[in-house]
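Here is my note on this model, point by point. Please keep the structure open while you read.

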Amino acid sequence: MKVVLVGLSHHVAPVELRERVAVAPEAAAALAATLVRAGDGEAEAICLSTCNRMELYLASRDAGAAEAQAVAALAELAGVGGDELLPRLYRLHDEAAALHLFRVAAGLDSMVPGEGEILGQVKDAYEAGTPGPILDHLFRQALHAGKKVRSETAIGESPASVSSAAAALAQQVFGDLTGRRVLVIGAGKAGELAARALAARGATIASVVNRGAERAATVAEQVGAVAVPFERIGAELETADVVVAATGAPGLVLQRDQVAAAMRVRKGRPLFLIDIAVPRDLDPAIHDIDDCYLYDIDDIEAVVASSLAGRRREASRAESIVAEETDRYREWKTALDVVPAIASLRAHAEEIRQRELERVEGRLARLPVADRRIVESITAQIVNKLLHLPTVRMKEAAATPNGIVYADALEHLFGLNEKERPK
Amino acid sequence: MAEAFFWLALLAYGESVVAYAANVRSPGRAGRLATWGVRLGWLAQTALLGVQAARADGFPWTTWAGSLNLFTWLVVVAYLVWGCTPRYRLLGLGVMPLVVALLLAAWAGGGTGSQAPSSSSTGFLVLHVAFVLAAFAGFTLSAALAGLYLWQERALKRRQAGILRLPAPSLATLEILVTRTIVVGLPCLTVGIVTGLIRLRREGAGVDALMVVTLVTWAVYAAFLLLRYEAGWRGRRAAYLALTGFALVLVVRLGLPLAHFS
């Protein structure tokens with residue numbers, strides 16, 4: 001059985017093409033089932049479809065036919081001819097396909113290295129697919145590799161976007177954000193996104209302040225907050241823990257003195273301020289006030305850049321883990337090819353022994369029962385001793401890339417018939 | 001036997017210092033190795049104290065060096081309460097070098113070998129030593145937490161780009177832990193001082209410099225709690241006050257030992 005991977009991803013295909021071939025989970029399951037039905041009796045298939053990739057994993061005795069089926073299926077989804085699609089596809093077999101899948105599961109092939117969502121998507125694809133023994137083992141090992149990379153490296157620990165970095169910085173100040181009050185200044189999309197990232201970590205979006213009262217009311221309603229007139233911003237600063245500023249104002253909307261006045265009432269409670277507006281909304285001098293931490297868009301982007309650099313450094317450690325897992329997969333797959341040859345050799349030897357005993361059955365029948373047992377035992381021992389060393393050597397070779405060569409040599413030397421091999 | 005346990009403890013604590021430093025450069029496996037170093041070292045030092053107690057037929061840590069050995073062990077106990085979790089590994093970089101230095105000082109002073117029980121080894125003395133040392137161990141941990149707070153606060157103020165790459169507890173968590181450690185440590189010190197004063201009165205001895213500094217230390221930590229809960233002192237000011245208290249602890253533990261213990 002050969003493993004075949006045919007797919008496309010953000011590395012080789014534009015979004016216009018990716019969105020055409022992307023399918024919903026139910027459709028992905030149906031596609032896998034269709035490919036299995038179209039294949040030989042033992043075919044296996046799993047379809048991995050995410051916003052950044054569409055990959056078809058197949059296991060089949062006829063790799064060429066399986067690959068052609070997969071290309072045709074993707075071409076049909078894309079609404080183009082197979083030849084037209086080919087330059088956008090990658091087609092990988094066996095170990096290369098396994099390495100690719102392990103890198104995908106580990107987040108190493110993602111747009112943001114180490115992103116965590118892909119592992120769940122691989123698991124969903126595996127559960128919705130139609131795997132047999134080969135793809136079942138391959139995907140279980142991929143999930144194991146993905147988890148191992150995340151537990152043994154820090155590749156997924158740091159944030160990779162401005163909004164998640166802002167939320168992570170707020171957590172550095174407050175720890176658990178549950179119940180922390182967020183004040184949003186401005187009613188734009190950027191501020192709302194940053195506030196939602198905080199809310200996703202337990203914070204409460206308490207109030208929205210905007211010069212336009214109507215827009216403030218709309219956004220406040222969307223995020224479950226209260227719209228507050230701009231004139232009452234001082235009172236809001238006294239109770240807020242995090243301030244997110246993202247207005248389109250041409251100048252500063254919050255001055256140092258306003259925050260300093262609020263801090264006197266707060267009695268040392270820290271205030272974390274995020275200014276993602278350009279031009280800036282918050283007076284940079286606010287950062288000089290004790291217990292005030294002001295981060296503007298450049299500061300946060302520097303944190304994101306450092307975080308991504310850290311992820312890339314961790315990626316090299318993750319690649320080693322993935323390479324180890326690929327080696328383990330190759331050993332398993334080679335053993336799978338070698339084991340039938342060993343079993344076939346033993347069956348062949350036993351067959352010869354039985355045939356020879358049957359040939360002299362007439363003479364053996366005259367022997368006492370005890371002597372017959374001795375003859376049976378001695379012949380069995382001779383066969384076992386002759387086959388012991390070749391069996392051990394074959395098992396050793398199974399763990400190396402040469403395993404299949406040994407298996408072929410064995411079949412050739414002993415005339416073992418492929419069709420008669422026990423399964 | 002005691003000597004072997006001492007070297008094993010020192011080696012393991014030393015390994016944890018190196019591993020904690022390596023963990024700053026590359027968080028992960030080095031941090032786990034550091035934690036195991038602390039655990040192994042603590043087990044070896046526990047065995048060392050056990051051997052000392054078995055041989056002494058009494059309370060053997062009333063000498064300056066002996067009490068330093070016990071104090072070091074208590075510091076590691078206090079550290080192990082939080083220090084084994086990944087977010088607090090930076091704390092190890094502050095605590096474990098101090099532990100190594102203190103253990104070496106105890107060894108140099110003969111505090112890790114066989115200890116004879118004090119001729120005046122009474123129940124009050126045992127209580128006095130045990131409570132004062134437990135309080136000081138707690139204050140040592142609170143100082144490490146306060147140091148970590150200041151480091152983390154400075155990183156936030158400087159807007160260091162790599163601030164999120166090294167896992168560390170939040171400022172709020174550190175502030176709470178500093179206060180809690182002092183809340184536990186201060187009553188221990190109070191009991192230690194009271195038992196010491198009772199013993200002093202019974203023996204009719206005079207007050208020495210170490211006792212005065214210990215009382216000042218008590219006053220600083222009491223002021224910390226008063227200011228924290230009554231005046232709302234938080235953040236850097238509270239952290240600096242905790243470190244001031246610890247400076248006095250160091251003076252008591254290291255600077256003024258001989259007069260008191262003789």
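1. Start with the bend. Helix 13 of chain A is kinked by about 30 degrees, and the kink is centred on A:Ser316. The bend at a residue is the angle between two axes, one fitted to the seven residues ending there and one to the seven starting there. Helices (H or I, at least four residues) and strands (E, at least two) are DSSP runs, numbered from the N terminus.

2. A word on the basis. This is a predicted model, in which local features need pLDDT of at least 70 and side-chain atom pairs count only at pLDDT 80 or more, while totals for chains, interfaces and linings use all residues. Residues are numbered from 1 along each chain as its sequence is written, and chains are lettered from A and ligands numbered from 1 in the order in which they are written.

3. Back to helix 13 of chain A. This helix has 63 residues. From first C-alpha to last, helix 13 of chain A reaches 90 Å, close to the 93 Å expected at 1.5 Å a residue. The expected span is 1.5 Å times one less than the number of residues.

4. Where do the chains meet? In chain A, 26 residues are in contact with 18 residues of chain B. Contact means that the C-beta atoms of two residues, placed from the backbone, lie within 7 Å. On the chain A side, helix 8 (162–174), strand 10 (292–296) and helix 13 (297–359) each supply at least two residues. Helix 13 of chain A gives the largest share, seven residues. By class, this side of chain A has twelve nonpolar, nine polar and five charged residues. Here Ala, Val, Leu, Ile, Met, Phe, Trp, Tyr, Cys and Pro count as nonpolar, Asp, Glu, Lys and Arg as charged, and the others, Gly among them, as polar.

5. Now the domains of chain A. The assignment gives domain 1 (2–157), domain 2 (162–297) and domain 3 (332–420). Such bounds come from an automatic or database domain assignment. The C-alpha centres of domain 2 and domain 3 of chain A are separated by 78 Å.

6. Chain B is assigned domain 1 (1–117) and domain 2 (122–262). Their C-alpha centres lie 19 Å apart. The contact takes 24 residues from domain 1 of chain B and 23 residues from domain 2 of chain B. On the domain 1 side, helix 3 (64–83) and helix 4 (89–108) of chain B each supply at least two residues. Helix 3 of chain B gives the most, with eleven residues. By class, that side of domain 1 of chain B has 19 nonpolar, four polar and one charged residues.

7. Look next at a sheet in chain A. Four strands form an open, antiparallel sheet in the order 2-3-1-4. Strands pair if DSSP finds at least two bridges between them. Strand 2 (44–49) and strand 4 (90–93) of chain A stand at the edges with a single partner strand each, so one side of each has no neighbour in the sheet. Six bridges join strand 2 to strand 3 (residues 53–60) of chain A. A:Leu48 has A:Glu55 in strand 3 of chain A as its bridge partner.

8. Two local details close the note. A cis peptide bond, with omega about 0 degrees, joins A:Val278 and A:Pro279. A:Pro279 sits in the loop between strand 9 (271–275) and strand 10 of chain A. A:Asp94 lies in helix 5 of chain A. Phi of A:Asp94 is near 45 degrees, a positive value in a residue other than glycine.
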